[in-house]
Amino acid sequence: MSNDTAPADAPVISNFVRDIVAGDLASGKHKTSVTRFPPEPNGYLHIGHAKSICLNFGLAEEFGGRCHLRFDDTNPLKEEQEYIDAIQRDVKWLGFDWGKNLFYASDYFPQLYAWAEHLIETGFAYVDDQSADEIRAARGTLTEPGKNSPFRDRSAAENLDLFRRMKAGEFPNGARVLRAKIDMSSGNINLRDPVIYRIIDAEHPRTGNQWCIYPNYDFAHGQSDAIEHITHSICTLEFSDHRPLYEWLLEHLPVPAKPRQYEFAKLVLTHTVMSKRFLITLVQGGHVAGWDDPRMPTLAGLRRRGIPPAAIREFCKRAGVARANSTTDVAMLDACVRENLNKTAPRYMAVLRPLKVVIENYPEGNGETLECVNNPEDPAAGSRQVPFSRELYIEQDDFMENPPKKFFRLSPGMEVRLRYAYFITCTSVIKDAAGNVTELRCTYDPATRGGNAPDGRKVKATIHWVSAPHAQEAEVRLYDAFYTRPDPGANGDAIKDINPKSLEVIKHAKIEPALAARNAEGTVQFERLGYFCRDPDPGLVFNRTIGLRDTYAKAQ
RNA sequence: UGGGGGAUCGUCUAACGGUAGGACCGCGGACUCUGACUCCGCUAGUCUAGGUUCGAAUCCUAGUCCCCCAGCCA
């Protein structure tokens, strides 16, 4: 696992699934743990999947077992190669390695087909000629039992013949299905003769046009687990009702192993909509720039926003695993991101909304170079030389002509420190015709070079700056909450809850030369502003990953 | 009014008959060449009602509330 800042002394946080695996290993029930992460390639992975990935792969790492990446590709109508590729890229990026254990449910189509015939031969499956509507009508309701299909008692020979002809493509989509013969009066609707094979005459991303009948989830998942000798098949709560069917199939088929299914509560995050269906809507409806839009909860989006994979792993660890439905506050994710980045991100200076400052008593010319620490949290990161000159840019927010009492930054007559540079004092303010402040005139104290006054004099604030003649211009994209409420969609369509100001683009930010020249990957800190990373778009474009905590702004 | 799950600080999560703990958020304070970081402190919880017990979040009984299931999706 790739690791940036995994604290070596991190306490092991257990959970009920981990306890079960540990127990099975300790009791000798299993000699090794084998788990799997089984995505359907019908969309991009999101942070909810990360929880499952971390759980499954984490178990393999901790117990020396293995975790398979298996694509649950049984529905060619929704699945695409693009998603298969993206999912592999994202799992790797998150920091996990399936090694040689890359599988596809579609690899097992021949075996699953053979098992379907076995079920028919043993009298536990039949071909139903009813339409989807008829099947639904006969299924009963939550409180009433279903009715047996008129085709339920066909002979094994007839069923076999029909099923083979389904496979041969003799019937149109939906004309017939194969159903397991279980119990139409079961309280568990999944046991009311569930459909297990259907006719879908569509091209499959992996098997092409080889098949026109496909097993569904229930008939593929447990058997795939058995084929791969999965010991602990971990899925989310909504599949609890499928467990009896999962077990029924394993009991009625000559499978090579008996995996067990365990369910946990999926991740739900405040200020987020996780459903793939909705994410597809956002992408296709043009509400975001794509699956990797930095406002998306997809792993691709989080990556583009600059969130380190280690922070996501840590977050999943802290969020925990339980059986109770829960909604985790995104603030917990934010905390993990800030904690990680504070320790790892190199510091640079950048001014988002520039205000020109001229230091009147500083000599004209090219100026000088000052040493700046790259990361106060990491001495090994060293330092760099940053150009300083008579004309600078500071942040507009760092100046107020008529400051309130608690404003410590620059104002007329007030002395502040330019980070790693000099103390300056504002002597006059220049405005345009409209009265807007356009430039500041200041003086500096040459004795404070580097940022300290020999006489021990203190200043209340340190502000960041960029030398005007050396500054490079960059575009900076400031991302804010994507939704205006913590529970988007709670009052109807989540599209209506999208924050119209979730993206603010700053076209002419001023950045120090070293930042412009930086070609390394990774997220950096713009001192006093937040964490940012280079966007893949051409040019000098930065995305804000997350701002620094700002207790001053909060107090306003 | 069927079947399956679940209820612990605002949020997430521990405690497995023996002091309800941690994290996030929030609020104070200290420190500070990032109003950051760090450190210290504070606030705050066992769904309800009975019962068993020396002792109950935990066991029992009866309720209440919440989630999932009626795709030829996964």
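Predicted model: local features only at pLDDT ≥ 70, side-chain atom pairs only at ≥ 80, totals over all residues.
Me: What does it take for two strands to pair?
Reply: Two strands pair if DSSP finds at least two bridges between them.

Me: Which strands form the open sheet, and in what order?
Reply: In general, strands of a sheet pair through backbone hydrogen bonds, either parallel or antiparallel. In this structure the open sheet has four strands in the order S4-S5-S6-S7, and the pairing is antiparallel. Strand S4 (125-128) and strand S7 (213-215) each have a single partner strand, so they stand at the edges with one side left without a neighbour in the sheet. On average, neighbouring strands of this sheet are turned by 20 degrees against each other, direction ignored.

Me: How many bridges join S4 to strand S5?
Reply: Four bridges join S4 to strand S5 (residues 177-180), and the two run antiparallel.

Me: Which strands does helix H6 touch?
Reply: Helix H6 (residues 156-167) packs on the sheet and touches S4, S5, S6 and S7. The direction of H6 makes about 60 degrees with that of S4. Helix H4 (residues 109-121) also lies across S4, S5, strand S6 (195-199) and S7. H4 runs at about 120 degrees to S6.

Me: Now the pockets. What volume does the largest pocket have?
Reply: The general idea is that rolling a probe the size of a water molecule over the atoms shows where empty space is left. Here the largest pocket has a volume of about 1,100 Å³. It is lined by 37 residues, of which His49, Thr236, Glu238, Phe239 and Lys276 are the closest to its centre.

Me: Which elements give two or more residues to that lining?
Reply: They are strand S1 (34-37), helix H2 (47-63), helix H7 (217-227) and strand S8 (232-236). H2 gives the most, with four residues. By class, the lining has 13 nonpolar, 13 polar and eleven charged residues.

Me: Last, a single residue. Is Val330 buried or exposed?
Reply: A residue counts as buried under 20% relative accessible area. Val330 has 17% relative accessibility, so it is buried. Val330 is found in helix H12 (residues 330-344).

Me: Which residues does Val330 touch, not counting those up to four places away in sequence?
Reply: Val330 touches Leu269, Thr270, His271 and Thr272. As for distance along the chain, Val330 and Pro486 are 156 residues apart, while their C-alpha atoms are separated by 9.2 Å.

Methods
Residues numbered from 1 in each chain as written. Chains lettered and ligands numbered in written order. Heavy atoms only, no water. Axes fitted to C-alpha atoms, helices over the stretch in contact; angles between N-to-C directions. Contact = heavy atoms within 4.5 Å. 1 Å grid on protein atoms, 1.4 Å probe; cavity = no way out; pocket = protein on both sides within 12 Å on 5 of 7 lines; lining within 4 Å. Points joined across faces, edges and corners; volume = space filled by probe spheres on them. Nonpolar A, V, L, I, M, F, W, Y, C, P; charged D, E, K, R; others polar. Buried < 20%, exposed > 50% of the residue type's maximum accessible area, 1.4 Å probe, protein only.
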